Amino acid sequence: MTDVKNLEELFQAKVDGELKIEPKDWMPDGYRKNLVRQISQHAHSEVVGMLPEGNWITRAPNLRRKAILLAKIQDEAGHGLYLYSAVETLGTTREKTVDDLLGGKAKYSSIFNYPTLTWADIGAVGWLVDGAAIMNQVMLCRTSYGPYARAMVRICKEESFHQRQGYEIMSVLSKGTPEQREMAQDALNRWWWPSLMMFGPSDANSPHSAQSMKWKIKRQSNDELRQTFIDRTVQQAEVIGLKVPDPKLKWNESTQHYDSGEIDWTEFNNVVAGNGPCNKERLAARNKAHDDGAWVREAAMAYAAKKAKRKAA
Amino acid sequence: MTQQEALFAYCLRRGDDNLILSHRLSEWCGHGPQLEEDIALTNRALDLIGQARNYLQYAGTVEGKQRSEDDLAYLRAERQFMNVKLVEMPNGDYAHTIARCFLYDAWHLPLQQALMNSADEQLAAIAAKAVKEITYQLKTSGDWMIRFGDGTEESHRRAQAALDELWTYTGELFETDEVDAVLVKAGIVPEMGPIKAAFDAKVDAVLNEATLKRPADGFMMTGGRQGKHTEHLGFMLAEMQYLQRAYPGATW
Amino acid sequence: MSENPNNWPLWEVFIQSKRGLDHKHVGSLHAADAQMAIENARDVYTRRQEGQSIWVVPAVAISASQPDDAAMLFDPADDKTYRHPTFYQMPEGAKFI
């Protein structure tokens, strides 16, 4: 019998050799737990993330935008589903994962606890929030756990229109009337910092980061990804004539990156702790959908059982 | 009434039915009873919005006053909407939503199948595309009616209550007036008789399998086709048209 | 595990993207019965014209080989290179072989 230490070494050798870990492989408990935590948080973020955008479906300004927004939010539901499926390959049922969310035990990305106040927020969410998410997701296409990596490849393919449609909204607004321009700038002002927070605490304060890097669950650090996001987004803002709300933002010739101001981690911690503007509403909406749907799920099972019985008879 | 006026009115009716129902269905997005169902219902909303756009674009062309699909959807007032009341009713519980879809689909499919033979090429083309979508929609809404009817006691009760309440709104689907008369004569739209027969046959078959009771054809609501709606439509339009109304002439 | 009997079971989904190709595993979903699983698979996994045929299989019906058996199962094939056409030396000048 191989002992655990030996198994761990074999496991790490596979990871180091860029071999994907598959569901039936032996894996350290910590790896499994870490994955279940991360993938389910990711899944919850997709599903809760439907709500702030859903807030504008019935007020979308024209039929084209309405169809696009519906299709986009539908994609988020699909992405949540792919990710819940990946969690199931680790032996945790969707029921259990979803119960943790509904009971307030599980986390999801704090960004979705911010409200979408104007139509421009739909642009900002697509451009900044999806933009930040994509940075992470592209990295995760190479994550060490096979089912997670495969889900991410599918998600990245579908996600590529999300950021573009958001940027397009912002671009149209910034070329529009003075009110529209103001709306766009205001949305950028409100969403900029929360988007930067999406990459998580800076590397020095990130509790799971080092181990996740060793296991190649994560492949790039929070700060690296955040910096790339800033560099790309500042340029995009310039193109459409919007101003990133950071007085300390400055191009640094020697690093070839933008220097930027400090993130307000107190705000971040507050939102994570449940004191964001919409934490309660988001969770209440998910719980209501789940509770209201209980009789529907039950009816479908009851009918399936009856039908199977009749077929057998 | 000229043929052009009739065709314009007809396109608005078809466009508005689809537009308003898709709007109601879109309200479910993010709130469905199961993630898979959420995705399915949104697909339905997207199909309907696509059909609405086809009709409203064509309505604009027929009218010849340079009105776009968005002018027609966002800048007409309550009394100018020509949809049936059935589609503007609030969603209610999931049984209501499904029952409404089923009743609508059971009428919509034979109607669109017949429109495939329209003398108007554009209407025939719109119908040819829509029929594929509606065939699937009718199948799935019918399947859900059967699941609910023959599922649990609660789902049966809810489905029957939804049917009983919505039934008085089905009469409007089969109303005809001068608009239809002018277009039927020109071979552009079908007679309603065979469509009603197909609707009856489908509804009876599904309700029978679902062990649900078909409500009696008593009093039927009317008015939608003349722009006399329920109080619900005004609120829906206030929400839907808000940006276009608040920022006149802006591009989005 | 205290599974709620009202939860829909898990199905594995296989999609054939084009006629003539294999059905390929794409992921999983939940559905109350096979018909619903096919319909859900259509909505979840073929929104962008990814498929023209769908198979669904209850996840519990799948048996899989164990990673521990991989050496026993697959390594013995390693040295049987005579199963591959490149193993054989053909005389110069022979054609169509």
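**Exercise 1. Take the aromatic cluster formed by A:Trp295, B:Trp28, B:Tyr94, B:Trp144, B:Phe148 and C:Trp8, and work out how B:Trp28 and B:Tyr94 are arranged within the structure.**

Before starting, note that this is a predicted model, in which local features need pLDDT of at least 70 and side-chain atom pairs count only at pLDDT 80 or more, while totals for chains, interfaces and linings use all residues. Residues are numbered from 1 along each chain as its sequence is written, chains are lettered from A and ligands numbered from 1 in the order in which they are written, and side-chain values use heavy atoms, with hydrogens and water left out.

*Solution.*
Step 1: Over all chains the structure holds 24 aromatic pairs, where rings of Phe, Tyr and Trp (its six-membered ring) pair if their centres lie within 6.5 Å, and planes under 30 degrees apart count as stacked, over 60 as edge-to-face and the rest as tilted.
Step 2: The ring centres of B:Trp28 and B:Tyr94 are 5.1 Å apart and their planes stand at 85°, so this pair is edge-to-face.
Step 3: Because B:Trp28 lies in the loop between helix 1 and helix 2 (35-63) of chain B, and B:Tyr94 in helix 4 (residues 94-115) of chain B, the pair ties together parts that are 66 residues apart in sequence; helices (H or I, at least four residues) and strands (E, at least two) are DSSP runs, numbered from the N terminus.
Step 4: B:Trp28 is buried, with a relative accessible area of 13%, and B:Tyr94 is buried too, at 3% (buried means under 20% relative accessible area, exposed over 50%, partly exposed in between, with a 1.4 Å probe and protein chains only).

**Exercise 2. Describe helix 1 of chain B by its span and its burial.**

*Solution.*
Step 1: Helix 1 of chain B (residues 3-26) has 24 residues and reaches 34 Å from its first C-alpha to its last, close to the 34 Å expected at 1.5 Å a residue (the expected span is 1.5 Å times one less than the number of residues).
Step 2: This helix of chain B is mostly covered, since 21 of its 24 residues are buried.

**Exercise 3. Determine the strand order of the open sheet in chain C and what its edges look like.**

*Solution.*
Step 1: Three strands of chain C make an open sheet in the order 2-1-3 with antiparallel pairing, two strands being paired if DSSP finds at least two bridges between them.
Step 2: Strand 2 (23-30) and strand 3 (53-58) of chain C stand at the edges with a single partner strand each, so one side of each is left without a neighbour in the sheet.
Step 3: Strand 1 (residues 10-16) and strand 3 of chain C pair in the antiparallel sense over six bridges, and C:Gln16 has C:Ser53 of strand 3 as its bridge partner.
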